[in-house]
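Biologist: Please take me through this model, and each time you use a label, set the value against its cut-off, so that I can check the conclusion myself.

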Amino acid sequence: MKKSIYAFLFSVIALSVYAQEDAITKGKELFGDLKARHIGPALMSGRTTDIELHPTNDRVLYIGTAGGGVWKSSNGGATFNSIFDDYCQSIGAVEIDPSSPDNNIWVGTGETWTRNSVSVGDGLYKTVDGGTNWIKMGFEKSERIAGIQVNPKNPDEVYVAVLGPLWNDSEERGLYKTTDGGKTWNKILYVDKTTGCSDLTLDPNNPNIVYASFWEFRRQPWSFSSGGANSALYKSIDGGKTFNKIHNGFPKGKLGRLAIAVAPSNSNILYTVIESEQDKDKGLYRSEDAGANWKQLNNDFGIVVRPFYFSRIEVDPRNPDVVVKAGLFGSISRDGGKTFKDLGPNHSDVHDIVFDIKNSDRMYAATDGGVYRSWDGGTTLEIVENLPLSQFYHVSVDNEEPYNVYGGLQDNGCWYGPSQSPGGIEARDWRRIGVGDGYRVYPHPTKKLIYSEMQGAESVWRYDPAKDQAKTVQPLAGKGDPKLRFNWNAAMAISASKPDRFYMGSQFVHRSEDMGETWVKISPDLTTNDPAKQNQEDSGGLSRDNSGAENHCTIFTIAESPLDENIVWAGTDDGNLQLTKDGGKTWTNVVTNIMGLPKNTMAYHVEASVFGKSIAYAVFTGYQTGDKNTYVYKTTDFGATWKSIVTPEIYGFARNIQEDYENENLLFLGTEFGLYITLNGGKNWYKFTNNMPAANVHFIELNKKTNDLVIATHGRGIIIIDDISPLRQLTEENMNKELYFFTTKPTVIAETNGFGGGSTETQFVGNNPSRAARIIYYLKKRHTFGKMSLEIQDLEGNTIAELGPGKSKGINVVEWNYNMKPPKVATGKTFAFGGFHISACSCRHL
């Protein structure tokens, strides 16, 4: 019986994997020449998790990022290129094989700086050609890989530190080893389902000596616990065959997260940073006898702050007394850890710091705001300016020409910038309109005003860009009201019916009719109001951490129907989905009508349809309880019944859905691992991968005027697919035609000065949309035999241009840059071109 069950489960998993791969392959065919463009920005960059230096070439380095994949620099960090677009973009560890550093690189996915908004990983990858091709090497359920070490004397011997899932128990944790290059893996050190391997290093002078730290931890949506009786630091002197704790001199009691570093120039000198029960015992410890004994040296704030987020230490490869510690600003000691000072000004929240292999004054720092470089030992630092790693939570657009893009970012405030600009979209084109952790940003529908917010609705601003004035307008508790509970990413919404109407969500729905000047509550508490989930002041475990990120039993999403101002949906982070049809007088919790949805699964997004008052879409995420299934539903009867529109083709849990405004069957779905599109209302889905990385898609907006799909990724900035209107015409009837020309909007030849392009070669510049006239058609199958040509003709049928046609199956886009067929001239004569005017054009397929 067990064999039958296992066989059935294997068949289900195999079919699911096949369907997901098929969605990618068919998506590439179908979408063809329809491609995305990246507009960044990069001026605030985004969270970087790991920096790895080439062991012999000081110009080459790699970085792993929280949500932007893996990037490589070949010029000492002046510029970087992405080398991991097709795979999970949340990175925990990057490791270069010392015996073949130009070819062999290992990547462990799943960030290990375990904040509340952290993404997930899906395993271990390896390249043997410098990043051109990647192979998955296992650990699909690991979720977070904290470290990788390759034996410099034997590349087939590799150690992998698996931290494991953040939100749930798992046996896929601990320290693993392969001796055959990753074909097979052995778990050589394991504690239990709640304790993972959080740091790993080998003695650089003896690869049989292995140090590994283990951390007992657990995050829940409403709390975080760091530390326990099982956290420990281990050492092996026989290549991992046996391990012993090395705690002599450690504080008594429970331990939390532990960092470990070995001084390359004297491997008897070790450093660790300890999280312990007593504040006085926390801090930096040093051993001068390879871990046999330890002595506490320092417990400054910069050393002990937020160990779950800052736990990396590094020793100068040439001087064992120079040590750096990641932290709020990053700290450096030049006296063996006795005293520290902050690094020079850089973006706060430093996660990794490394020394150049040849010059210790040259350093690199990984921060919440990208990568910084220093040439003077960390006294001054400069940001790398071409890493578009911005982590957007949300995006909205306005109706300007060109339209502007608005959004909030993790630890980087709120911004807006143009969708196109002369010379490309540069850093100077973006404007800050908020601080802290930004989230939702909305332009006023009719006035030149902008709403923005920071974490937990600590401040909500109504900003006037013309006057450069901001006013705080967040709702406040009235007399007799309980304390308002706002989510870290508080719900906001604007009305399609009344431009000055503005919504916010705490545990109540608040409505303002005067742009936030005054507020009224239009609901009771719509959450479960579970008191067991409202003890945030006790969150953190051994290190109290009540930042507000764990606020729970809150409203997370609000949507007013675009067809009826009295119909309002509200979804909560504790699993309720509420509906009012009378402007807030009465509310009904319709979540119990959704069959198959686990109780208390977070309502992440609600989309009220333009095709009917009773129609809505709801997206739920359960990953914060360890449930990574995809939950997307549609109702056509005000939530009385719901239908799942999820198929096995979708990989990753979903966060957002956007319906088209003209074709009800055309939907866009944002998931943890990329963008999916359905042409038939969810019966089947295609993955869009044309210049679209497998990034975490947090939000999607569709510009009604331009038909541009604007995508907010949490790690790759804003990505735009220009004019998706051809997808509306991909009906079953049209897709069965051998050739179908899409109806497209007229092209206007822009007359601009073209001035712009003031950025330097090392700065990121976002791409503008093409200004060429586009001829778009669909081929049922690839054209392989016979002549195929494409002409531009005037109204009289005269050929004025000949173009090379696309012959691929799927969507083909041929661009005409307005150049005409040159006239015939006599030998030895010249011809001067002047202006031209075309009254109309047509195209013909032969």
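Modeller: Let me start with an open space: helix α1 and strand β50 (631-635) each give at least two residues to the lining of the largest pocket, where helices (H or I, at least four residues) and strands (E, at least two) are DSSP runs numbered from the N terminus. This is a predicted model, in which local features need pLDDT of at least 70 and side-chain atom pairs count only at pLDDT 80 or more, while totals for chains, interfaces and linings use all residues. Residues are numbered from 1 along each chain as its sequence is written, and side-chain values use heavy atoms, with hydrogens and water left out.

Biologist: What makes a space a pocket or a cavity, and which element gives the most to the lining of the largest pocket?

Modeller: On a 1 Å grid over the protein atoms alone, a cavity is a set of points where a 1.4 Å probe fits but cannot get out, a pocket is an open set with protein on both sides within 12 Å along at least five of seven lines, and lining residues have an atom within 4 Å of a point. For the largest pocket the lining comes to 45 residues, with Val17, Gln20, Tyr651, Gly652 and Phe673 nearest its centre, and α1 contributes the most, namely eight residues. Its volume is about 1,600 Å³, a volume being the space filled by probe spheres set on the points, which are joined across faces, edges and corners.

Biologist: How many residues of that lining are nonpolar, polar and charged?

Modeller: The lining of the largest pocket divides into 20 nonpolar, 13 polar and 12 charged residues, where Ala, Val, Leu, Ile, Met, Phe, Trp, Tyr, Cys and Pro count as nonpolar, Asp, Glu, Lys and Arg as charged, and the others, Gly among them, as polar.

Biologist: And which residues lie nearest the centre of the largest cavity?

Modeller: Those are Asn116, Asn487, Asn489, Met602 and Gln624, out of 22 lining residues, and the largest cavity holds about 240 Å³ of space. The structure has four cavities of 30 Å³ or more. By class, the lining of the largest cavity has nine nonpolar, nine polar and four charged residues, and strands β15 (206-220) and β48 (602-608) each supply at least two of its residues.

Biologist: Why is the pair of Asp22 and Lys26 called a salt bridge?

Modeller: The closest N and O atoms of Asp22 and Lys26 are 3.1 Å apart, and the label requires a side-chain nitrogen of Lys or Arg within 4 Å of a carboxyl oxygen of Asp or Glu, so the pair qualifies. Both residues lie in helix α1 (residues 2-31), four residues apart, about one turn of the helix.

Biologist: Which salt bridge links distant parts of the chain, and are its residues buried or exposed?

Modeller: One of them joins the side chains of Asp58 and Arg362, at 3.9 Å from N to O. Asp58 sits in the loop between β2 (48-53) and β3 (61-65) and Arg362 in the loop between β27 (350-355) and β28 (363-367), 304 residues apart. Buried means under 20% relative accessible area, exposed over 50%, and partly exposed in between (1.4 Å probe, protein chains only); Arg362, at 16%, is therefore buried, whereas Asp58, at 22%, is partly exposed.

Biologist: What makes Glu401 count as exposed or buried?

Modeller: Glu401 has a relative accessible area of 69%, and is therefore exposed. Glu401 also forms a salt bridge with Lys705, their closest N and O atoms being 3.7 Å apart, and Lys705, at 43%, counts as partly exposed. A cis peptide bond joins Glu401 and Pro402, with omega about -5 degrees.

Biologist: Where else is there a cis peptide bond, and which residue other than glycine has a positive phi?

Modeller: Another cis peptide bond joins Gly40 and Pro41, with omega about 5 degrees. Cys553 has a phi near 60 degrees, a positive value in a residue other than glycine, and at 0% relative accessibility Cys553 counts as buried.

Biologist: How far can the prediction be trusted, that is, what is the mean pLDDT of the protein chain?

Modeller: The mean pLDDT, the predictor's confidence in each residue from 0 to 100, is 94 for the protein chain, and 96% of its residues reach 70 or more.
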